[in-house]
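Let's take a walk through this model together. Keep the viewer open and follow along.

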2 protein chains.
Amino acid sequence: MQRDIFLIGASQTKFGELWGKSLRDLAEEAVGKAIADASCLPTAIDAVIVANMLAETANNQAHLGAMVSSLLPHRPPALRVEAACASGSVAVHTACALLESGRAQTILVLGLEKMTDIPGETIACALMGAADAEEDQPSGLTFPGIFGLIANRYMHEHYLTRDELNLVSATHHLNAAENPYAHFQNPIDPEDVEKSPIVADPLHVLDCSPVSDGAAACILSTHTASQVRLAASQLAHDTLSITKRPSITSFRATKDAAKKAYAEAGVTTKDISHIEHHDCFSIAAVINLEDLGFAEKGKGIEWYKNSTTHYSLLTTHSLNSSGGLKSCGHPVGATGVKQIIEIGKKLKEEKTQWGLAHNFGGACATCCVTILENTAVSP
Amino acid sequence: MQRDIFLIGASQTKFGELWGKSLRDLAEEAVGKAIADASCLPTAIDAVIVANMLAETANNQAHLGAMVSSLLPHRPPALRVEAACASGSVAVHTACALLESGRAQTILVLGLEKMTDIPGETIACALMGAADAEEDQPSGLTFPGIFGLIANRYMHEHYLTRDELNLVSATHHLNAAENPYAHFQNPIDPEDVEKSPIVADPLHVLDCSPVSDGAAACILSTHTASQVRLAASQLAHDTLSITKRPSITSFRATKDAAKKAYAEAGVTTKDISHIEHHDCFSIAAVINLEDLGFAEKGKGIEWYKNSTTHYSLLTTHSLNSSGGLKSCGHPVGATGVKQIIEIGKKLKEEKTQWGLAHNFGGACATCCVTILENTAVSP
């Protein structure tokens with residue numbers, strides 16, 4: 001970071017099927033609560049970045065920068081950023097650039113998505129816009145299908161069993177039980193996962209993150225300090241289509257973004273106490289922990305096998321404490337922002353120093369890794 | 001600008017109904033030509049920003065940052081920016097922040113849109129995503145309808161006649177005749193405008209910019225100098241819905257963005273030699289020239305009445321020399337980028353110092369004003 005950027009306010013709405021709320025209702029709720037949390041005047045916000053993927057399809061509403069700017073009395077400069085399911089963290093990345101440039105001193109980043117107003121099959125097709133329209137879509141694949149292929153290949157290469165994979169969603173559901181904003185607060189047993197309806201072999205419904213509505217907001221500032229600062233925000237990419245990659249059981253964009261982020265923050269995996277990673281499907285959770293450097297190849301599942309509580313291997317640490325995408329829910333544009341504010345919250349609650357948010361789009365064609373530091377904790 | 005940002009490469013594809021080319025084809029062509037124009041290595045590009053509004057609807061392709069990043073051998077960080085029809089200039093604005101922050105030294109901005117692959121009525125509905133889904137869309141309005149209301153009101157307030165309004169599109173068609181990339185290169189007579197089919201009273205087909213395919217790209221750098229630098233990039237907003245505004249015959253966002261841009265560049269309207277303004281409908285051209293400060297209220301049409309050539313009032317000056325949105329075409333995400341590269345080209349060709357690009361989204365709910373300087377010209 002070229003300047004110290006602090007997380008001075010955060011909020012989220014309930015994630016779930018929010019039939020009674022419009023896109024604007026969700027925006028107003030999250031923006032209002034974030035400003036209240038920051039204890040700043042609305043006019044202190046000198047730019048707005050909105051993260052959203054699907055509103056043009058699902059809500060016939062593009063131009064969300066202007067929409068959200070108009071919620072504030074002074075209509076600050078605003079724009080929308082889209083990077084499929086990584087839109088939230090990429091919006092924060094863009095906010096960092098605006099803050100570092102000096103064009104803004106205090107920025108509101110709002111991630112939001114309202115996905116349940118249109119049929120599930122329409123949303124599934126629209127989500128395939130995150131994959132390659134020329135290479136992947138003509139085959140009839142949807143994302144459960146893509147991650148089903150990935151899961152099959154991973155199980156073949158690394159002898160991961162169905163019993164082991166069940167542990168991922170069960171752990172995330174247990175975490176979400178403590179999160180009042182989560183889409184699903186019901187604990188499930190590991191065997192419930194494989195008893196649920198099959199979606200794309202070997203993935204069952206309970207291996208998949210849901211279609212959710214929700215919003216999350218954060219206020220970032222170079223002008224006002226707080227306990228939590230952004231220590232790194234790094235982006236990397238891979239091909240949209242998985243057919244163009246040397247391997248589908250490891251995500252190169254995660255490795256590249258993580259490497260750059262650890263360097264920017266000056267930390268290693270050993271320093272990280274809290275992780276929110278992008279578990280769009282259970283198999284992704286296993287791969288993410290390996291690509292981020294928290295497990296050797298083929299050993300990502302150990303994090304879930306060894307957890308005696310809803311937390312992980314490490315004593316004061318958390319892994320998808322929000323419930324992750326699986327159980328907190330996955331309103332696409334909101335997810336990356338929610339991950340970052342969850343890490344900020346855990347750092348303060350547990351008086352730990354470092355946390356990491358890992359957010360990707362498509363089959364990890366975009367990955368953004370954000371590292372946060374609690375400056376009130378001495379190294 | 002916090003740093004000197006130079007325009008070191010530019011390109012555009014033909015604008016028009018490009019049935020034989022895919023979204024990726026257009027991206028590849030524009031990116032390749034821009035890199036060739038900049039005479040740089042592809043690997044010199046350390047970030048990519050893609051401007052696009054409608055690809056998710058029209059091409060089932062979101063996630064364009066990752067798509068374009070993958071066209072380059074080193075897959076640099078990339079994201080998509082959307083601000084309706086202002087996406088192109090807002091992407092350049094975002095690029096300026098990334099360059100000023102030091103996160104990148106050389107950025108590719110690619111504006112692209114492929115609109116003609118789906119039915120016109122579907123595109124018209126999708127474009128209404130730039131207006132307010134809760135306030136404007138339920139009335140059945142489309143953008144020709146919105147600008148028809150604006151034209152009627154303007155004609156009532158300022159005694160603008162149909163004969164006068166005809167001059168706008170006739171002038172823009174004459175300009176486009178010299179632009180090999182333009183969608184329409186055919187000159188038209190002023191009376192052809194009112195003889196063309198009515199779309200939304202008083203606007204006829206020839207008052208309206210077309211639905212076009214096309215791409216435009218520019219390479220901006222703080223690392224490599226060139227003759228043309230970006231002197232200002234400023235954003236402002238108004239409500240999405242025109243029903244919430246005190247007046248519909250003047251656009252507050254244009255006035256606010258222009259005021260900030262003139263201040264940032266340290267110029268007045270008298271210094272500007274070239275203007276590319278957002279003539280999505282003929283009436284917008286008249287209003288734009290007033291809101292930008294080039295004409296008194298009610299007098300914007302004088303620029304078109306007094307032109308004895310395809311240029312305007314002023315001797316060495318140009319007004320929508322590309323043909324504007326009306327005749328060069330309006331592939332939404334590409335337009336703002338095309339305006340900026342057109343200004344860069346005119347500054348070099350005519351050895352003039354200052355030019356301005358004015359790009360808006362919706363009914364000017366977002367406006368971005370960019371000012372460019374030819375540094376090879378002494379004041």
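Before we start, one working rule: a residue counts as buried if 20 or more other C-beta atoms lie within 10 Å of its own. With that in hand, look at helix α7 of chain A, residues 162-176. This helix is mostly covered, with 11 of its 15 residues buried. Among the buried ones are A:Leu165, A:Leu167, A:Val168, A:His172 and A:His173. What do the buried residues of α7(A) pack against? Their neighbours are α8 (190-195), α10 (282-291), α11 (302-305) and α12 (324-328), again in chain A. As for geometry, α7(A) reaches 22 Å from its first C-alpha to its last, close to the 21 Å expected at 1.5 Å a residue.

Now, how far should you trust all this? Keep in mind that this is a predicted model. Chain A averages a pLDDT of 95, and 97% of the residues score at least 70. The model as a whole scores ipTM 0.96 and pTM 0.97. There is a stretch to treat with care, though: over residues 308-315 of chain A, pLDDT stays under 50. For that stretch the model has 13 contacts beyond four places in sequence. Where pLDDT is low, the predicted coordinates should not be read in detail.

Next, zoom out to the pair of chains. Superposing chain A on chain B takes a rotation of 180° with 0.0 Å of shift along its axis, and the RMSD is 0.0 Å. The two copies are thus related as by a two-fold rotation axis. Which residue of chain A has the C-alpha nearest that axis? It is A:Ser101, whose C-alpha is 2.0 Å from the axis. Both copies use the same surface, as 98% of the contact residues of chain A recur in chain B.

On to the interface itself. Here 50 residues of chain A are in contact with 49 residues of chain B. On the chain A side, α2 (55-58), α3 (64-69), β3, α4 (87-101) and β8 (228-237) each supply at least two residues. The largest share comes from α4(A), which gives six residues. By type, the residues on the side of chain A that touches chain B divide into 21 nonpolar, 20 polar and nine charged.

In chain A it spans residues 78-82, and three bridges join it to β3(B), the two running antiparallel. Which residue of β3(B) is the bridge partner of A:Val81? The partner is B:Val81. Within chain B, β3(B) also pairs with strand β2 (residues 47-51), through four bridges and in parallel. There, B:Ile49 stands opposite B:Leu79.

So how covered is β3(B)? Mostly: five of its five residues are buried. In a regular strand the side chains alternate between the two faces of the sheet. On one side of β3(B) we find B:Ala78, B:Arg80 and B:Glu82, on the other B:Leu79 and B:Val81, and both faces are covered.

Another strand, β8(A), has already turned up on the side of chain A that touches chain B. Nine of its 10 residues are buried. Two bridges join β8(A) to strand β1 (residues 5-12) of chain A, in antiparallel fashion, with A:Ile5 and A:Leu230 as bridge partners. Nine bridges join β8(A) to strand β12 (residues 366-374) of chain A, and that pairing is antiparallel too. Here A:Leu230 stands opposite A:Leu372.

One last stop, over in chain B. B:Leu325 sits in helix α12 (residues 324-328). Is this residue buried or exposed? B:Leu325 is buried, because 31 other C-beta atoms lie within 10 Å. Leaving aside residues up to four places away in sequence, B:Leu325 touches B:Ser209, B:His278, B:Asp279, B:Cys280, B:His330 and B:Thr335. For a sense of scale, B:Leu325 and B:Ala36 are 289 residues apart in sequence and 26 Å apart in space, C-alpha to C-alpha.

Key. Residues are numbered from 1 along each chain as its sequence is written. Chains are lettered from A and ligands numbered from 1 in the order in which they are written. This is a predicted model: local features need pLDDT of at least 70, side-chain atom pairs count only at pLDDT 80 or more; totals for chains, interfaces and linings use all residues. Copies are superposed by least squares on the C-alpha atoms of residues with pLDDT of at least 70 in both. Two residues are in contact if their C-beta atoms, placed from the backbone, lie within 7 Å. A residue is buried if 20 or more other C-beta atoms lie within 10 Å of its own, exposed if 12 or fewer, and partly exposed in between; C-beta atoms are placed from the backbone. Two strands pair if DSSP finds at least two bridges between them. Ala, Val, Leu, Ile, Met, Phe, Trp, Tyr, Cys and Pro count as nonpolar, Asp, Glu, Lys and Arg as charged, and the others, Gly among them, as polar. pLDDT is the predictor's confidence in each residue, from 0 to 100. The expected span of a helix is 1.5 Å times one less than its number of residues.
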